[in-house]
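This report takes a brisk look at selected loop residues.

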Amino acid sequence: MASSASSQSSSASSQSADKYEGFDLLKCSTVQEGKKEAEVRLPLGYRFNPTEDEIVVYFLFNKIMDRAMPTYGLIKEVDVYEYDPHQLPNGDFKHNAGCNAAYYFANREPFDASEGKIIKTAANGGYWKVIDDEYEVLFKDSEVIVGFEAVMNFYEGKAPNGTKTPFVMNEYRLNPRVVPAHVLNDSIRNKIERYVVCRIINEEVSNQPVIDYRKESLELLLKYASAGTVKDVEPK
């Protein structure tokens, strides 16, 4: 029985290693130097709405490595755990299809397990509560796990009896296993451990529907841009 269990464990470990074989994160994440937010001119009706793996690979990893990113300023550097979400600038909540999400680079904070999986804010006005186990972030259609996502709700008041608010956060961290060994040093390891991207959504706010540029062809994108407004053209 012991031999069988050992064999199964070895097989599972081998299968886990196979899915990372040939995956080159440095190559996959390479992009041209992007523009600053003020220079970005998306067609009317389009919003910054990256997928989970795009957040991890093109923004978080490149930020950690001090490499070029697709754009600058759309993900701001703010230690979100220093504030309650309603203290963040209203103007930051303009992304995603609902125009109600803000993106931030932040320092990860440990969970307080004594009252459930919570993270208290430094403002002492509330806390973030993790609502599920972490999700795996896969690269495109592969089985390569490039990161992990934690989902949290914000509560006002003292834990564990606070009042739930409409603020939801997705916290993304990099999977250290996909980082090439030759680029690792103490500084990079520390950044991987501490640095995250936080997407905060105010579910009370939702403006008119907009087009998700990821799901539309370039031809349709140009058609919408020339139409002037989103509602002028019905998508096929």
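## Basis and an exposed loop residue

Lys 140 is exposed, at 57% relative accessibility. Here buried means under 20% relative accessible area, exposed over 50%, and partly exposed in between, using a 1.4 Å probe and protein chains only. Lys 140 sits in the loop between strand E7 (135-138) and E8. Its phi is positive, near 50°, and Lys 140 is not a glycine.

The model is predicted: local features need pLDDT of at least 70, side-chain atom pairs count only at pLDDT 80 or more, and totals for chains, interfaces and linings use all residues. Residues are numbered from 1 along each chain as its sequence is written, and side-chain values use heavy atoms, without hydrogens and water. Strands (E, at least two residues) are DSSP runs, numbered from the N terminus.

Most residues other than glycine have a negative phi, and most peptide bonds are trans. Cys 99, not a glycine, has a positive phi of about 55°. The peptide bond from Ala 159 to Pro 160 is cis, with omega near 5°. Pro 160 lies in the loop between strand E8 (145-156) and strand E9 (163-174).

## The loop between E3 and E4

Cys 99 belongs to the loop between E3 and E4. Cys 99 is buried, at 5% relative accessibility. Asp 92 lies in the loop between strand E3 (75-77) and strand E4 (101-107). Asp 92 is buried, at 7% relative accessible area.

## Cysteines

Cys 28 is partly exposed, at 24% relative accessibility. The whole structure has zero disulfides (pairs of cysteine sulfur atoms within 2.5 Å).

Note on methods:
Helices (H or I, at least four residues) and strands (E, at least two) are DSSP runs, numbered from the N terminus.
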